[in-house]
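User: I'm new to this one. Can you walk me through it?

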Amino acid sequence: MEKICFGIDVGGTTVKMGMFSEEAKLLESWEIPTRKEDEGNHILEDICSEIEEKLVEKQINRSDLLGVGIGIPGPVTKDGTVLNCVNLGWGIFNVEEKLSQMLGGIKVKAGNDANVAALGENWQGGGQGFEDLVLITLGTGVGGGVVIGDKIITGSNGAAGEIGHMPVVYDADAEECGCGKRGCLETVGSATGIVREAKKLLASSDMDSSLRDIDGFTCKDIFDAAKEGDEAALIVVDKLTEYLGIAAAHIAAVTNPQVIVIGGGVSKAGRFLLDKIEEKFMEKAFKACQNAKFALATLGNDAGMYGAAALILC
């Protein structure tokens, strides 16, 4: 029987689960609901039940289970301690030790979900073939992770890679972020922030724009309009990529990555977005860091699952 491992990505709504071969091939994947009631006490129970059932179903001996990797939506320290994961109702405890004990001593490795996603893209995604990578995810919020020498950079308390909370806007009227600060990258780089910036521009000007004809336009609508040459949409995209270029230059000055991978829903704008970020980056970045390549993430919502498996297999 071939040896296998499980890659687990715990989200606020669902838990993504993948079974991988020792040769890093995804054999099967599925999802279960994230039961957050009772302070999230059922989450690890459900994960264990799924793993045990899969071992029986596939007639896999426990000795052939290499381990379980798990990504958590909150700070995770180097030793696997979760620090108040409020989205799940968890306090402070060592998730590696607890899950391992529940599985009868099986090896468990844990990491922050965004960092683990970066490792996934590094392993089998848009950053494959590079040892030093930065992932920036642009979705409802802005997240990210840093991988250096094929290893996640965790930081002293698991908070490294919180790219979305890098201050980039210093105007007096900078938007307040969900973290309580003002001017975070998330306020202007997220899909929500992009739409807000477009609405502000249209409200403060009388320029023609196809966006005015779309009730409740989305981030995708803005990029579609920009690709067609819409002036207002182009101004919004230019402002967005200016901030992303600044953020990427700051990150590069500290980590000097080989590749910067852009993921999340906003990245569906493709090369149009990527080329503009790279142009702004080249204007801002320290010369010795300008050789960083830009790439699109390719694993989508499965990046965390792949990265969790990589915690065991790499």
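Predicted model: local features only at pLDDT ≥ 70, side-chain atom pairs only at ≥ 80, totals over all residues.

User: Is D230 buried or exposed?

Analyst: D230 is buried (under 20% relative accessible area; exposed is over 50%, partly exposed in between, with a 1.4 Å probe and protein chains only). D230 has no salt bridge, meaning a side-chain nitrogen of Lys or Arg within 4 Å of a carboxyl oxygen of Asp or Glu.

User: How far away is the nearest side chain of opposite charge?

Analyst: That is R212, 8.2 Å away; Lys and Arg count as positive and Asp and Glu as negative, while His and the chain ends are not counted.

User: And salt bridges, how many are there?

Analyst: The count is 18. In one of them, R271 and D275 come to 2.5 Å, N to O. R271 is partly exposed at 43%, and D275 is too, at 40%.

User: Which residues form a network of salt bridges?

Analyst: E175, R196, E197, K200 and K239. Within it, R196 and E175 have their closest N and O atoms 3.8 Å apart, although they sit 21 residues apart in the chain.

Note on methods. Residues numbered from 1 in each chain as written. Heavy atoms only, no water. Helix = DSSP H or I, 4+ residues; strand = E, 2+ residues; numbered from the N terminus.
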